[in-house]
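Q: I have a model open here and would like to talk through how it is put together. Can we go over it piece by piece?

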Amino acid sequence: MSLLDTRVPAVLLRTDRNPFHHGTLGAVRSLGRAGVEVHVVADSTGSPVRRSRYVHHMHSPPPPEASAEQILAVLRRVAGRVGRPAVLIPLDDATAIAAGRLRDDLTPSYLLPEMPAILPERVADKAELAAVCAAADVPHPLTLVPDSPRRAADDAHRLGLPLVAKWSRPWLLPAGGGLRSTRLVHTARQARELHARTAEAGSPLLLQAYLPPGEDRDWFFHGYADRTGTVRAGGPGRKQSSWPRGAGLTAVGRWTPNPEVRALAERITGELGYRGVFDLDFRRCGTTGRYHLLDFNPRPGAQFRLFSDSAGLDVVRALHLDLTGRPLPDGDPVAGRSFVVENYAPFAALRTASASGGRELAWYAGDDRAPGWAMWALWARHVSGRLRQRLGRTAASVPAPRPVPRAVPRAVPGAAAPSLTSPTSPTDDEKASS
């Protein structure tokens, strides 16, 4: 008999078009293995997820910059196809925010946690998060919101360089615009230039004090706050390596007991009255030893399968159980369990699984091999394409060779002077390049 109520399907929702979003595959497998019918509303173009044996149906998603009305229209269409109430699981910030605001319109077709409609948006907004942390007495890096390019340069000097620049609402960033949600800024000029692109970014620029990375400093906490507000499932994890190195997503993580990180997670979710799945990122200050909350994601983190306890419970299964009125089993933490994303940490993936707690790979699974093979084929094309782009930029940056000047012939009495417009003379473009 399944732990979950298999009469209730699940709908996974994502507008982000990243084909390497392994968290989507993790949710598909977690629910599908428990016998739940899984529908995926996400871009399937080249995505390895669609190859999973546990996907019941792939549905066309809303566009990446969809409005709430567009997302609602798509979900209503999917509800008609599914034919019965389903647990809705947003997998990116934009859809989590939309689901919160649309909750009344989505019921009874979808089951969602009960909490204030604007709460997912409030915690996902980087500027709001600073205020939330201050109110809950949770450490957070000093954050300034400059109101002009000149003020951005002044604030950069005030905070000290390098510093971290973030867009307050990264889900509003235009695709293909070259703006990253977070970047390390090394000069006041860079801060000023970033602020000048505020209109393009769609939200305010934040400048944040930089906490240097280091061994044992990057931590995360995944959890599920049930209908009573009690944090269930999940746990604290330590980021052992990231992609890109020193910043970015978790490439290798390990389930590591940390009472202080757990206490901070329970404090902030309790103060907010948060309900549902959440993913928190922390960095420990090397000077004070305090854990600072960097991000609050109101949805499952990509590596949530790291926290599968002795009862087989993870945060996605906890959500399904709680929303369908089933009790959550009391499993024990599996300390030492590791999670590896093969395309970001291939050498770690090749090592033998650790004896303590075991290991889970993001893409490969013995009972669901097709997505792993599809990922490697797609990753090879991705890497070769990036390499061609880089080589093309390198070739374009090499200056044109200087023309070899011809010797000026000596004047011969009675002979015409050499023409200055001869085909052998340098062109204007050649002169400019030299």
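Q: Let's start with strand 13, residues 276–284: how many of its residues are buried?
A: This is a predicted model, and in it eight of the nine residues of strand 13 are buried, so the strand counts as mostly covered, with buried taken as under 20% relative accessible area.

Q: Which way does strand 10 pair with strand 13, and over how many bridges?
A: Strand 10, which spans residues 218–225, pairs with strand 13 in the antiparallel sense, and eight bridges join the two.

Q: What do strand 13 and strand 14 form, and how many residues are between them?
A: They form a hairpin with six residues between the two strands, and Gly289, which sits in the turn, has a positive phi of about 80 degrees.

Q: Where does Pro298 lie?
A: Pro298 lies in the loop between strand 14 and helix 11. Its relative accessible area is 7%, which is under 20%, and therefore Pro298 counts as buried.

Q: What does Pro298 touch, leaving out residues up to four places away in sequence?
A: Pro298 is in contact with Asp93, Ala96, Pro120, Val123, Ala124, Tyr274 and Val277. For a C-alpha distance, take Arg275, which is 23 residues from Pro298 along the chain: the two C-alpha atoms are separated by 9.3 Å.

Q: Switching to the nonpolar cores, which residues touch the most other members in the largest one?
A: The largest nonpolar core has 52 residues, and those touching the most other members are Leu12, Val28, Leu31, Ile89 and Tyr224. Helix 11, residues 315–323, contributes the largest share of this core, namely six residues. Apart from it lies another core, of 23 residues, and its members include Phe221, Leu272, Phe278 and Phe282.

Q: Staying with Val28, what is it in contact with, leaving aside neighbours within four places in sequence?
A: Val28 is in contact with Leu12, Val38, Val40, Val49, Ser52, Tyr54 and Val55.

Q: Now the rings: how many aromatic pairs are there?
A: The structure holds ten aromatic pairs. One of them joins Phe20 and Trp379, with 5.0 Å centre to centre and 90 degrees between the planes, an edge-to-face arrangement.

Q: How does Tyr344 pair with Trp379?
A: Tyr344 and Trp379 also form an edge-to-face pair, at 5.5 Å centre to centre and with 85 degrees between the planes. Tyr344 comes from the loop between strand 15 (338–340) and helix 12 (346–350) while Trp379 is in helix 13, so this pair ties together parts that are 35 residues apart in sequence. Tyr344 counts as buried because its relative accessibility is 12%, under the 20% limit.

Q: Which residues do the ring pairs link into a cluster?
A: Ring pairs link Phe20, Trp243, Tyr344 and Trp379 into a cluster.

Q: Moving to helix 8, residues 188–195, which of its residues are buried?
A: Those are Ala188, Ala191, Leu194 and His195. Seen down the axis of helix 8, they fall within an arc of 125 degrees, so the buried residues line one face of the helix.

Q: What covers the buried residues of helix 8?
A: The cover includes helix 7 (149–159), strand 7 (163–167), strand 8 (182–185), helix 9 (198–201) and strand 9 (205–209).

Q: How many disulfides are there, by the way?
A: Zero disulfides are found in the structure. As for individual cysteines, Cys133 is buried at 0% relative accessibility, and Cys285 is buried with a relative accessible area of 11%.

Q: And overall, how many helices and strands does the protein have?
A: It has 14 helices and 16 strands, and buried residues make up 48% of its 434 residues.

Note on methods:
Residues are numbered from 1 along each chain as its sequence is written. This is a predicted model: local features need pLDDT of at least 70, side-chain atom pairs count only at pLDDT 80 or more; totals for chains, interfaces and linings use all residues. Side-chain values use heavy atoms; hydrogens and water are left out. A disulfide is a pair of cysteine sulfur atoms within 2.5 Å. Buried means under 20% relative accessible area, exposed over 50%, partly exposed in between (1.4 Å probe, protein chains only). Rings of Phe, Tyr and Trp (its six-membered ring) pair if their centres lie within 6.5 Å; planes under 30 degrees apart count as stacked, over 60 as edge-to-face and the rest as tilted. Helices (H or I, at least four residues) and strands (E, at least two) are DSSP runs, numbered from the N terminus. The arc is that of the directions from the helix axis to the C-beta atoms. Contact means heavy atoms within 4.5 Å. A nonpolar core is a set of buried Ala, Val, Leu, Ile, Met, Phe, Trp, Tyr and Cys residues joined through side-chain atoms within 4.5 Å. Two strands pair if DSSP finds at least two bridges between them.
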